[in-house]
Amino acid sequence: MEYRTIIEPFRIHSVEPLRLTTEEQRRAAIDAVGLNLFGLHADDVLIDLLTDSGTGAMSRDQWAAIQHGDESYAGSPSWYVFLEAVQELFPFRHVIPTHQGRAAEKILFTAIGGPSKVVPNNTHFDTTRANIEFSGAQAVDMPIAEALEPSLVHPFKGNIDVVALERLLAERPGDVPVVMVTITNNSGGGQPVSLANMRAVRDVCNRHGVPLFLDACRFAENAWFVHEREEGQSGRSVAEIVREFASLADGMTMSAKKDPLANIGGWLACNDDDLAARCRALLVLTEGFPTYGGLAGRDLEAIAQGLREAVDHEYLRYRIRSTAYLGEALARAEIPVVQPIGGHAVYLDARALLSHVPPLEYPGQALAVELYVAGGIRGCEIGTVMFGRQADGSERPAAMDLVRLAIPRRTYTQSHIDYVIEVCIEVGRRAPELRGLRIVEEPETLRHFTARFEPIA
Ligand SMILES: Cc1ncc(COP(=O)(O)O)c(C=O)c1O
């Protein structure tokens, strides 16, 4: 007998208390930090869906692995455990550990970016874009057209537009140091990239002699979607699919705070000996010796064990199903969400829900603030606040105004999610009364982290 209910394939071993607050307390807390959810004390948040980055629960076996951590400065046994686990899935010749994903990006684009260069991606994550632009290069997003229609259902909305990519490579020979593909496409709704698309990108890169790198933070969730949705893939293991993605690339950046199930860590990997030597020289300047990067030996051990757990089919079935559970319930309640439901998060379409608020009045931020005030839920605006400021200082609406409810791995139970559904429905009811916001203070880059807002009268 196969039962319908997909249960959490674990039980809880250690608990963290949550602090209940009133709507008045939350209103005061968010006003005090200029309506920026990143400014809150996390104790004032009830259900924290700000990010799935580093916020997951580690397993018993990961905590046990931490006890094996060896803190030798050079050549630690923990480094070899880490290296073997990484190369088991991503058999690149060089693996360079970093303290998190953006450190890998900083090193990569310091080595290969620079003025006059342009770097395409399905959609750059904000730190990737910021690191490319900081080097003086231009970051270009090339998602397929379907990716920009939130309500449209397509199995691989993370795919890159191969025709646009080929055009760019033909028009700018010598200016593209690398093509990036982000799996899954976080900023585009947590949507997967198909193997067929990855193979097509590889062909284009071969024709133009340009290397191809994966931003592989959510490689296991992407591979699960390939396993479930792509013709001819259901008989293969997720690990095999991951290895095929890696075999089609020349290198990768990784944040181990996502699918590798760790609370910190990352790496940069590649096959090019010369590039690896330049990156290691940069690594030593800011991260540390090449056998630990910015990490402790115990972190390397936790990541190695996490990588083994990340490709487990029972875990992935539960993970993807529980995200869909939230998204499907909201869609049934007529809260507009990006379709189909992505791997690590549900994306509310704030531009549709708050259609009376123009994009330059930040409907995503207004909605995220109200979710917090109404129910203590912290989501993250992915829209005009995050992407609206252009390199030349001007501001334009982002392609979409979304609020991402990211689900930390193995952390919240179904009743927490039922509560989130109830709060979202209440906020949907209040939506016509919500007002837009204006920015009163912002930094030069990555403004969403520290900008302050006020309501427009
Ligand atoms: C697709 C993607 N790339 C890169 C990063 C950066 O990783 P980190 O936060 O570890 O610096 C993230 C983090 O959320 C991400 O989602």
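The structure is a predicted model, in which local features need pLDDT of at least 70 and side-chain atom pairs count only at pLDDT 80 or more, whereas totals for chains, interfaces and linings use all residues. Residues are numbered from 1 along each chain as its sequence is written, and side-chain values use heavy atoms, with hydrogens and water left out.

Helices (H or I, at least four residues) and strands (E, at least two) are DSSP runs that are numbered from the N terminus. An open sheet is formed by five strands in the order E2-E8-E7-E6-E5, and its pairing is mixed; two strands are said to pair if DSSP finds at least two bridges between them. In general, the strands of a sheet pair through backbone hydrogen bonds, in either a parallel or an antiparallel sense. From one strand to the next, the twist averages 15°.

E5 runs parallel to strand E6 (residues 212–215), to which it is joined by four bridges, and Val-179 has Leu-212 of E6 as its bridge partner. The pairing of E7 with E8, by contrast, is antiparallel and extends over five bridges, with Cys-270 of E8 as the bridge partner of Gly-251. Helix H10 (residues 273–286) lies across E2, E6 and strand E8 (266–270), and it runs at about 20° to E2; axes are lines fitted to C-alpha atoms, for helices over the stretch in contact, and angles run from 0 to 180 degrees between N-to-C directions.

Burial was examined next, where buried means under 20% relative accessible area, exposed over 50% and partly exposed in between (1.4 Å probe, protein chains only). In strand E7 (residues 251–255), five of the five residues are buried, so the strand is largely enclosed by the rest of the structure. Both of its faces are covered, with Gly-251, Thr-253 and Ser-255 buried on one side and Met-252 and Met-254 buried on the other. Thr-253, which has its place in strand E7, counts as buried at 1% relative accessibility. When its neighbours within four places in sequence are left aside, Thr-253 is in contact (heavy atoms within 4.5 Å) with residues including Ala-104, Met-180, Leu-214 and Trp-267.

Strand E9 (residues 345–349) also has five of its five residues buried, so it is largely enclosed by the rest of the structure. Ala-345, Tyr-347 and Asp-349 point one way from E9, while Val-346 and Leu-348 point the other way. E9 runs antiparallel to strand E12 (residues 402–406), to which it is joined by five bridges, and Ala-345 has Ala-406 of E12 as its bridge partner.

Two packed helices are described by the angle between their axes and the distance between the axes. Helix H2 (residues 60–67) packs against helix H11 (residues 297–310) at an angle of about 150°, with the axes 8 Å apart. This makes H2 roughly antiparallel to H11, given that angles under 35 degrees count as roughly parallel, over 145 as roughly antiparallel, 65 to 115 as roughly perpendicular and the rest as oblique. The contact of H2 with H11 has three nonpolar, three polar and four charged residues, where Ala, Val, Leu, Ile, Met, Phe, Trp, Tyr, Cys and Pro count as nonpolar, Asp, Glu, Lys and Arg as charged, and the others, Gly among them, as polar.

For helix H12 (residues 313–332) and helix H16 (residues 414–430), the packing angle is about 25° and the axes are 10 Å apart, which makes H12 roughly parallel to H16. Tyr-325, Leu-326, Ala-329 and Leu-330 of H12 meet residues of H16 that include Ile-417, Val-420 and Ile-421. By class, the contact of H12 with H16 has eight nonpolar residues, one polar and one charged.
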